[in-house]
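User: I'm new to this one and would like a close look at a single part. Could you walk me through it slowly?

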Amino acid sequence: MSQSSKARKPIFYGWWVVAIAFVTMGVAIAGRTSFSLLYPEILEEFSWSRNVTAGAFSLGFLVSTAMLPIIGVLMDRSGPRLIIPLGALMVASGFGLVTLIDSPWAFYATMGLLVINGSMAMSYIVHSMFLPAWFVRNRGLAIGVAFSGVGVGGYILLPIMQDLIDQHGWRTACLALAALVGLVIIPLNALFQRGNPAEMGLEPDGGPAPKRDDRPPPDPIVDRAWVETDWTLRRAARTARFWWVFAGFFCGLFAWYAIQAHQTQYLLEEGFSTTAAAEALGLVALFGIVGQISLGWLSDRLGREPAWTLSLLGFAACYLTLIQMQGAPSETLLYTMIAFQGLLGYGLAALFGAVITELFSGRQIARIVAVLSLSGNIGAATGVWFLGVVHDMTGSYLIGFWVCLVMALTSILCIWQAAPRKVRLVAGQAARRQP
């Protein structure tokens, strides 16, 4: 094999890994989100209480969160070619078996323990455990492209799912999703996905490349002793950086999921129509495709901290807009809120894996990702709960919005304190500092 083909092959296969992740993420999150489409159908057919029916989603989310450390260990040992297909098998089985339910416990077992819980092994956190290893120069961009599959998948699959429900019933829609996961996602990942380029004797895209002027490539390493440490979970947890990231993830997802869960209800309370509120949620997800790709790309040029700052400032500006909207709703404010949340805020998804990988690369990277992601999940659940409690106690979201704004700014401070730039420079920073 020639030198040029060796240089091209890692980049080519790395983007193939991204393409598989793009498809997998789109199907996984659309499948999980389809719970909201099935929810009214289940209520109507079985006449269960809303509390009991919605509990299936909560159970699946809580179990999947508790399983994260175990998934991290399994990913370190077996990689995505085993873990993602296993999760997909659970999801496909759940969608197939849910068509046979006749009791709440059966709904909890199929939709909760199989679909919602299984989808965790196909979604953001698991992909963050191995995707960053394939890229250095374009790490943020690659993760952003992969995660944008969530927006594309939702935009394409959810309307199809709703149409199947309307035309043929919810059971047919579930069987169609089971077939899609079983026939596409399982073989695609089992046969072609790879955990890191070393498995194929390849280098990530940041490997040495010849220069026309024979200058050495820019050296991105700032703290060589830190970079050369083989980080285990126990060793990482003894550092201040680990806990700054832990707090940054908690605060960031607190701000993100609080508004995601309560946005529609707030807009309805402020006088917007159900159509406008639903369209706003869809537009945020659509704009999020652009946000994830663009902030991922920008983080490869300016650094993870500036990109993180832009994203959380997007959420902070979103909350300021919502506060200004109280009592004075307008379409201008509505679309301003959508733009801040989607184009900036949603870009945060492209940065989690990159931040962790640049700080704590080592043989237990998946376990470290799992534990730090656990803090994000706890933050997400806490933010949604907190905003609901504030509204119940005061009759308004106003105080809760101010708290969420502070949490967004706190997350920025935490990531600057973790300081990935003091360990390893991104490609753009390294190139600018080269003599």
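User: Which backbone oxygen does the side chain of Ser-411 reach?

Analyst: A quick note before we zoom in: this is a predicted model, where local features need pLDDT of at least 70, side-chain atom pairs count only at pLDDT 80 or more, and totals for chains, interfaces and linings use all residues. Residues are numbered from 1 along each chain as its sequence is written, and side-chain values use heavy atoms, with hydrogens and water left out.

Now to your serine: the side chain of Ser-411 reaches the backbone oxygen of Gly-248, at 2.8 Å. That side chain also makes a polar contact with the side chain of Trp-308, at 3.1 Å (a pair of N or O atoms within 3.5 Å; within protein, one must be able to donate a hydrogen and the other to accept it, and residues adjacent in sequence count only if both atoms are side-chain atoms). Leaving out residues up to four places away in sequence, Ser-411 touches Gly-248, Cys-251, Gly-252, Trp-308 and Leu-312, where contact means heavy atoms within 4.5 Å.

Ser-411 sits in helix α18; helices here are DSSP runs of H or I with at least four residues, numbered from the N terminus. Ser-411 counts as buried because its relative accessibility is 0%, and buried means under 20% relative accessible area (1.4 Å probe, protein chains only). Other buried residues of α18 include Phe-401, Leu-405, Ala-408 and Ile-415. The buried residues of this helix pack against α12 (240–269), α14 (304–325), α16 (352–360) and α17 (365–394). Just past the end of α18, Ala-419 takes a positive phi of about 55°.

Technical notes: Buried means under 20% relative accessible area, exposed over 50%, partly exposed in between (1.4 Å probe, protein chains only). Helices (H or I, at least four residues) and strands (E, at least two) are DSSP runs, numbered from the N terminus.
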